[in-house]
Amino acid sequence: MKILMVCLGNICRSPLAEGIMKALIDEHRLDWIVESCGTSSFHNGEPPHKGSIDIAASHGIDIRNQRSELLIKEHIQQFDLILAMDASNYNDILRKCTFEKDRKKVKLLMNYAYPNENRPVPDPYYVGGFDIVYNMILEACSKIIEEHR
Ligand code: 4NP
């Protein structure tokens, strides 16, 4: 399975989601592929935010080598599951889908932990809370592993 994690800047939430999901995949010895990108190019080419790097490192996950990348149409066709951090990301991704089959791949990440509640992963860029964000993403990613492995 190929999973794409998507947020706005691809420096806070989705790099963390990529790192957490990759750690779980390693732990469960799965051969899935995970990448992340952003719906904006505000931070194109930049490494993750220090808050995300630090919270990941405190759990033994190294995300320092990731670089922010803009979501393009080709990504949507290449991945099986495209996971949005919030409703704004979700709508932005849908706007880039050409085909109905691609729209079906797009889900809100937190719906794996809290089905149909459409909970967002809050954006820590302005107000912090990287520890809360870490725990939320871990909870949802663990459910994805349970459901799909
Ligand atoms: P992210 O957080 O979408 O979780 O990477 C943000 C990063 C940067 C900005 C907004 C959100 N920004 O406006 O620059």
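The model is predicted, so to speak of local features requires a pLDDT of at least 70, side-chain atom pairs count only at pLDDT 80 or more, and totals for chains, interfaces and linings use all residues. Residues are numbered from 1 along each chain as its sequence is written, and side-chain values use heavy atoms, with hydrogens and water left out.

A backbone N or O atom of Leu8 is 2.9 Å from a ligand oxygen, and one of Asn10 is 3.2 Å from a ligand oxygen. From Arg13, a side-chain N or O atom lies 2.8 Å from an oxygen of the ligand. Of the 360 Å² of accessible area that the ligand has on its own, the protein covers 93%, as computed by the Shrake-Rupley method with a 1.4 Å probe.

Turning to the helices (DSSP runs of H or I, at least four residues, numbered from the N terminus), helix 1 (residues 13-27) packs against helix 7 at about 45°, with the axes 9 Å apart. Axes are lines fitted to C-alpha atoms over the stretch in contact, and angles run from 0 to 180 degrees between N-to-C directions. Helix 1 is therefore oblique to helix 7, a class left after angles under 35 degrees (roughly parallel), over 145 (roughly antiparallel) and 65 to 115 (roughly perpendicular). Helix 2 (residues 50-58) meets helix 7 (residues 130-148) at about 60°, with their axes 9 Å apart.

Conventions:
A polar contact is a pair of N or O atoms within 3.5 Å; within protein, one must be able to donate a hydrogen and the other to accept it, and residues adjacent in sequence count only if both atoms are side-chain atoms. Helices (H or I, at least four residues) and strands (E, at least two) are DSSP runs, numbered from the N terminus.
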